[in-house]
Structure formats: C-alpha cells, structure tokens
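Open the model in your viewer and keep the selection tool ready. Each stop below says what to pick and what is there.

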Amino acid sequence: MIAFKNKRPVLQTGHCVISEYDREWLESVLQQAADEAGVKLPFRGEIARAVLLYLEESCPLHAVPLDYLFRRMRQMLHMAGLPLIAEHLRCQTPPVEIALDSLAEEAPLPLFFYTELHSRLEQLRRMGLNTYHFSGSEVCSKLLGARRRACPTQRRALQELRSFLQQEAQSSPAA
C-alpha cells in the first residue's frame, strides 16, 4: 500500500485543529460570499485550487489559524479585483459531520436525543467549530418515532427534527 502525506497544514480555531478540509469547502465559502455580495463568481474553483496550492506548496506554517487564512484570502480577493466578495467573506470552519442516526441509536427517546444533540452542538461551538453537516435524518426520525418505515408519525418526527436543527442554527453565533 502506498500512502501519500497530506502536505496541507492543519487549520486552528479555538482549541481545535482541523486536518480534513477540501476544495469543495473553500468553493462553498467563496460562493456564499459572492451570493451575499450579489456578484457572480464563475471561477471559484480556480480560486479554491489556488488557495490549496498555496497551503500545500508555499505556506511555511504547520498550523494555520483560521482567521489568518481568511485574512489572506480577503487580501487575495482584493488583489484579484473582487473587493465586494472579500468584504462578504466570512470566517467559518469546515463542516463537522454529525450522524443523527448514530445519536438516535444511543438515545432513542426524543427527550434524551434532543438534550444530547443540543449539548454536543454547544460543545462544538465552545471549541470554535461553527459549521455542521447533519446526516441520517430519515433513519433518526424513524428511531425517534419508533417506526420501521415512513408513516405520519415518522414524518412528524422528521419535521420536528428539522425544526430543531433550524432553531439551533439560528441560535448559533455564526448564524
């Protein structure tokens, strides 16, 4: 087996270091800034690749503070003639994967599930992680509704879960 070392530095935010980040994350951050600025950004992939190339080939640091990375990206966007996008570029962490179905298996009663999910999100926020990707919501809603397949009870549990996640996202400092 051949293993290639990832030459990217880790990103540091709060008490966390993040080693898993990719071009898609950078593209989504750039696209979000472009959308907020009301500007089209057809070459966001090239910009994201340039940032990764800098991190892999030219960055002398082993750990890059996240706010430093975003300051450098803003400078690059200004130099490239994209000041509106630079102004709307918001510092955010790569998304953290939260498996809702696994959490529901650990705490299958809604009261315990929502309490545990809330405490995990608060813990991630305290560590400086502010972007999440939730997976397994369909299976989670079946477990919380004590159902084996889709039915009105499961759909209500799924709607309740989505409402809870939306409320948590609005209460997040990054939102």
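## Stop 1: α6 against α8

Select F113, Y114, L117, H118, L121 and R125 in α6; they meet A157, E160, L161, F164, L165, E168 and S171 in α8. Colour this contact by class: 8 residues are nonpolar, 2 are polar and 3 are charged. Bear in mind that the model is predicted.

Now look at the geometry. Two packed helices are described by the angle between their axes and the distance between the axes. Show α6 as residues 110-126, and draw both axes: those of α6 and α8 come within 12 Å and cross at roughly 25°. Angles under 35 degrees count as roughly parallel, so α6 and α8 are roughly parallel to each other. The crossing of α6 and α8 is right-handed.

## Stop 2: Q154

Stay on α8, residues 152-171, and select Q154 in that helix. Is Q154 buried or exposed? Q154 has a relative accessible area of 2%. The cut-off for buried is under 20%, so Q154 is buried.

Which residues touch Q154, leaving aside its neighbours within four places in sequence? Display E138, S141, K142, R147 and R149; Q154 is in contact with them. Then zoom to E138. Its side chain makes a polar contact with the side chain of Q154, at 3.4 Å.

## Stop 3: α1 against α3

Move to helix α1, residues 23-37, and helix α3, residues 66-79. Where do the two helices meet? On α1, pick W25, L26, V29 and L30. On α3, pick L66, L69, F70, M73 and L77. By class, this contact of α1 with α3 holds 9 nonpolar residues, with no polar and no charged ones.

The axes of α1 and α3 come within 13 Å and cross at roughly 60°. That angle makes α1 oblique to α3. The crossing of α1 and α3 is right-handed.

## Stop 4: G14

Select G14, in the loop between β1 (10-13) and β2 (16-18). Is G14 buried or exposed? The relative accessible area of G14 is 56%. Exposed means over 50%, so G14 is exposed.

Finish with a distance label. Pick the C-alpha atoms of G14 and R162: 28 Å separates them. Along the chain, G14 and R162 are 148 residues apart.

How values were computed
Residues are numbered from 1 along each chain as its sequence is written. This is a predicted model: local features need pLDDT of at least 70, side-chain atom pairs count only at pLDDT 80 or more; totals for chains, interfaces and linings use all residues. Side-chain values use heavy atoms; hydrogens and water are left out. Axes are lines fitted to C-alpha atoms, for helices over the stretch in contact, and angles run from 0 to 180 degrees between N-to-C directions. Helices (H or I, at least four residues) and strands (E, at least two) are DSSP runs, numbered from the N terminus. Angles under 35 degrees count as roughly parallel, over 145 as roughly antiparallel, 65 to 115 as roughly perpendicular and the rest as oblique. A crossing is left-handed if the near helix is turned anticlockwise from the far one by less than a right angle, and right-handed if clockwise. Contact means heavy atoms within 4.5 Å. Ala, Val, Leu, Ile, Met, Phe, Trp, Tyr, Cys and Pro count as nonpolar, Asp, Glu, Lys and Arg as charged, and the others, Gly among them, as polar. Buried means under 20% relative accessible area, exposed over 50%, partly exposed in between (1.4 Å probe, protein chains only). A polar contact is a pair of N or O atoms within 3.5 Å; within protein, one must be able to donate a hydrogen and the other to accept it, and residues adjacent in sequence count only if both atoms are side-chain atoms.
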